[in-house]
Amino acid sequence: LEILVTILNVNDNSPVFTQTNITEVVPEDTKVNATIVAREVLSATDADLDTIFYELTTIVPGTDGYFAIKGINNPEVYLQKALDYEKFKWTTLVLYARDRPVGSTDATNTATATINILIEQADTKPPWFLPCTFINMDNSICISSPYMGRVNISEMSAEPLILEPGPIYAIDPDYTLNEKIVYSIVGGDADKVFSVDADTGNLTMNKAATSPDSYLLQVMATQVNNIQKYSVVCVEIKVINKSAYPPYFESRIYNGTVSVGLAPRSFVFQAGDPSTPLMITAADDDFPDV
């Protein structure tokens, strides 16, 4: 009597990852759809020769949606959404490998692998002139106000000009890179009256201003390593007549009278002349005709 015996494979083995803890450094400017962790690194094996089903989850709040796998049977991790170093700098993913589909009523064996993603800041932003004001919630765009200064007509200052709200100064907002920045005047100075120090941003004069018209200089801050990363700010220099004399009051003492019970904002009258409002006047010998 010939007896044929068939041995049934019992699902008694769990999937096995080659590596259960993986760390990847991902540049901030990585292109969407780029592979982050290759399939060969993440594929699990099963001694029962079962088909393996994969699922990827994110365990760090606020970092969902950036990474995904190619399919339930393909564990290759790819970038699904553009990264922003200002939003988050790291995240942790958990990859599940099961020998039965999710939701199956059959006994299922599961293995997990942890994937640590470290975001590396990239050179994505142009220089910012300071002070500046953030205009969006994630502080990725900062707009500066114009600088303002004054010079005396027909007089050349030997010192760097004092500007408001402060000296010309720009930074690389990709602060972990902190690329070197140089300054130059790119417009508004046809007569070459002014110069800017390439390294410090100090604004100085080459010669005296002979016209009373204001100068609207355009100063550019450029990254040395990439001239396509630049910003331009306006610097308004007003040309004024030199003030040689301080203003002064035309009288040292002013006397006035008021009546009891007057309403607020009522006139104060000159003492001894109740019909003439009291006037306090000042003069300046720099402007004798005013």
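Biologist: How many residues sit between strand 18 and strand 19 in their hairpin?
Modeller: In this predicted model, strand 18 and strand 19 form a hairpin that has two residues between them. Strand 18 covers residues 215-223 and runs antiparallel to strand 19, with nine bridges joining the two. Within that pairing, Ala 221 stands opposite Ser 231 of strand 19.

Biologist: And which strand pairs with strand 19 in the parallel sense?
Modeller: That is strand 13, residues 147-152, which pairs with strand 19, residues 226-240, over six bridges. One of the residues to look at there is Gly 149, whose bridge partner in strand 19 is Ile 237.

Biologist: What does UniProt say about residues 18-129 and 145-249?
Modeller: The UniProt record, an unreviewed entry, annotates both spans as "domain: Cadherin". In the model, residues 18-129 are 4% helix and 46% strand, and the end C-alpha atoms of that span lie 50 Å apart. For residues 145-249 the figures are 0% helix and 45% strand, with 36 Å between the end C-alpha atoms.

Biologist: How is the protein divided into domains?
Modeller: The assignment gives domain 1 as 15-120, domain 2 as 128-240 and domain 3 as 245-289.

Biologist: How far apart are the centres of domain 1 and domain 2, and how much area do they bury between them?
Modeller: Their C-alpha centres lie 48 Å apart. Five residues of domain 1 are in contact with four residues of domain 2, and the two domains bury about 360 Å² between them, with 46% of that on carbon and sulfur atoms. On the domain 1 side, Tyr 85, Glu 86 and Lys 87 lose the most area to domain 2, and together they make up 76% of what that side buries.

Biologist: Where is Gln 121 found?
Modeller: Gln 121 is in the loop between strand 9, residues 110-120, and strand 10, residues 128-129.

Biologist: Is Gln 121 buried or exposed, and why?
Modeller: Gln 121 counts as buried because its relative accessible area is 6%, and the cut-off for buried is under 20%.

Biologist: What is Gln 121 in contact with, leaving aside neighbours within four places in sequence?
Modeller: On that basis Gln 121 is in contact with Glu 28, Tyr 85, Glu 86, Pro 173, Asp 174, Tyr 175, Thr 176 and Leu 177. With Thr 176 there is also a polar contact of 2.5 Å, which joins the two side chains.

Biologist: Changing topic, which strand holds Glu 76, and is that residue buried or exposed?
Modeller: Glu 76 is in strand 7, residues 74-79, and it counts as buried because its relative accessibility is 16%.

Biologist: Which side chain makes a polar contact with the side chain of Glu 76?
Modeller: The side chain of Thr 35 does, at 2.7 Å. Not counting residues up to four places away in sequence, Glu 76 touches Thr 35, Val 37, Ala 38, Arg 39, Ala 68, Ile 69 and Lys 70. As for Arg 39, it is 37 residues from Glu 76 in sequence, yet their C-alpha atoms are 4.2 Å apart in space.

Biologist: Now the backbone: which residues does the cis peptide bond with omega about -5° join?
Modeller: That bond joins Leu 130 and Pro 131, and Pro 131 lies in the loop between strand 10 and strand 11, residues 132-134. The peptide bond from Glu 164 to Pro 165 is cis as well, with omega near 5°, and Pro 165 is in the loop between strand 13 and strand 14, residues 170-171. As background, most peptide bonds are trans.

Biologist: What is phi for Asn 33 and for Lys 192?
Modeller: Asn 33 has a positive phi of about 80° although it is not a glycine, and Lys 192, also a residue other than glycine, has a positive phi near 55°. In general, most residues other than glycine have a negative phi.

Biologist: Where do Asn 33 and Lys 192 lie, and are they buried or exposed?
Modeller: Asn 33 lies in the loop between strand 2, residues 21-27, and strand 3, residues 35-37, and it counts as exposed because its relative accessibility is 53%. Lys 192 is in the loop between strand 15, residues 181-187, and strand 16, residues 194-196; with a relative accessibility of 58%, Lys 192 is therefore counted as exposed too.

Note on methods: Residues are numbered from 1 along each chain as its sequence is written. This is a predicted model: local features need pLDDT of at least 70, side-chain atom pairs count only at pLDDT 80 or more; totals for chains, interfaces and linings use all residues. Side-chain values use heavy atoms; hydrogens and water are left out. Buried means under 20% relative accessible area, exposed over 50%, partly exposed in between (1.4 Å probe, protein chains only). A polar contact is a pair of N or O atoms within 3.5 Å; within protein, one must be able to donate a hydrogen and the other to accept it, and residues adjacent in sequence count only if both atoms are side-chain atoms. Contact means heavy atoms within 4.5 Å. UniProt positions are given in the numbering used here, feature names are shortened, and annotations may be inferred rather than shown by experiment. Two strands pair if DSSP finds at least two bridges between them. Domain bounds come from an automatic or database domain assignment. Buried area is the accessible area (1.4 Å probe) that two parts lose on being put together, summed over both.
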